[in-house]
Amino acid sequence: TYFFFLVLEAGDLVFVLSFQLGFNIARMLSPYTLSLCAFSLFIVGIDCGDNVKFLLIPNDATKCANRPKHWENFHLDTNGEKLLDTNGEPVKHAYFYSNDVKEFKGKKYDWLDARNLCRQYCMDAVSIESFEENQRIFSFIDQRGVKSGDHSFANSSVRWRDDRKCGPGNPVPETGLPAQCNPDSDHHCCNAQGECKDNSFYWDCGCLDCIDYKDPINYLWTSGRLCDFTGCEARYDLLPLIVNGWFWSGSNAAIPPTNNIPEGWDYQPWGPTGHKGLPQPDNAELDVNGTPESCLAVSKNLYQDGVQWHDIGCYHRKTVICEDSDDLLDALNVQDEGEIVY
């Protein structure tokens, strides 16, 4: 159990009180009338459909210390500079991809559940706050299965090692990302020992401990969210919302305006097209079934457009990349040895 909640309903208002880790937080929320939507703040989240769900706060320091870690990188600010801790040391963040973890293999989640999966480990869905971080995430997706070839990622052509070592414990030196198995070879299956094997060992790479690098990553969740819930209507500085109203809920950092290439970036991460044939974000699903596209996913060739950001209805089910949350790790005083593990 991560939260103790008292929920009171009064007319069209919902009062949510939560108690955990010394916090005493009261939120007054006005629910959407739509049956499928997701509301999220840094502390409290609520799915306004048939089920009431909340954003988890972890309470198991041991679980957080032993969280899955597939790669690590320095945490950078929006200018690409290394962020420093209170001792002046560069901060590193660990990441893992949910479908490469045995426990979560083959499972997909709506946006809020994806965040909660990460948060049980003192992590959150990835917040892509710098060009360098976006390069790494795009490269990770682009390199799985058939490459899109629509972006020029630094060192992205280097995907596997000559010694056929693979997986989270065997990074490619040029990128720091887990080494892959050549998807076009017979040895496309990475086993739990970090070795590329063929089907004579694992039939169609069907073992739970294995990663099949022939399989592409078509889409995954980030922590990106549109500020279109109660309270945002008073933020005139965010108007128009579709341009200025996006933020990373995992870190509470603003996402740059969507109608321009972010400062210091080499390209526009938002996709050039979508269901309406318009640049992203376009909130297209609102016209299709009345559901707002309030959450941000990274997709690969969804509209034959390569690896791009897309606004998506929060109820869709996808995999997720999890990233360390400094706030959650600090709250539990997690002692981290920094090993890369499955």
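Which residue in β18 does alanine 297 stand opposite? The structure is a predicted model, in which local features need pLDDT of at least 70, side-chain atom pairs count only at pLDDT 80 or more, and totals for chains, interfaces and linings use all residues. Residues are numbered from 1 along each chain as its sequence is written, and side-chain values use heavy atoms, with hydrogens and water left out.

Alanine 297 stands opposite histidine 310 in β18. Strands are DSSP runs of E with at least two residues, numbered from the N terminus, and two of them pair if DSSP finds at least two bridges between them. Strand β17 is joined to β18 (residues 307–312) by 6 bridges, and the two run antiparallel. Strand β14 (residues 219–226) is also antiparallel to β17, with 4 bridges; here leucine 220 has valine 298 as its bridge partner. In the hairpin of β17 and β18, asparagine 301 takes a positive phi near 60°.

Strand β17 (residues 295–300) is largely enclosed by the rest of the structure, because 6 of its 6 residues are buried. Buried means under 20% relative accessible area, with exposed over 50% and partly exposed in between (1.4 Å probe, protein chains only). In a regular strand the side chains alternate between the two faces of the sheet. On one side of β17 the buried residues are Cys295, Ala297 and Ser299, and on the other Leu296, Val298 and Lys300.

A disulfide is a pair of cysteine sulfur atoms within 2.5 Å; by this rule the count comes to 8. One joins cysteine 295 and cysteine 314, with the sulfur atoms 2.0 Å apart. Cysteine 295 lies in β17 and cysteine 314 in the loop between β18 and β19 (319–324), so the pair ties together parts 19 residues apart in sequence.
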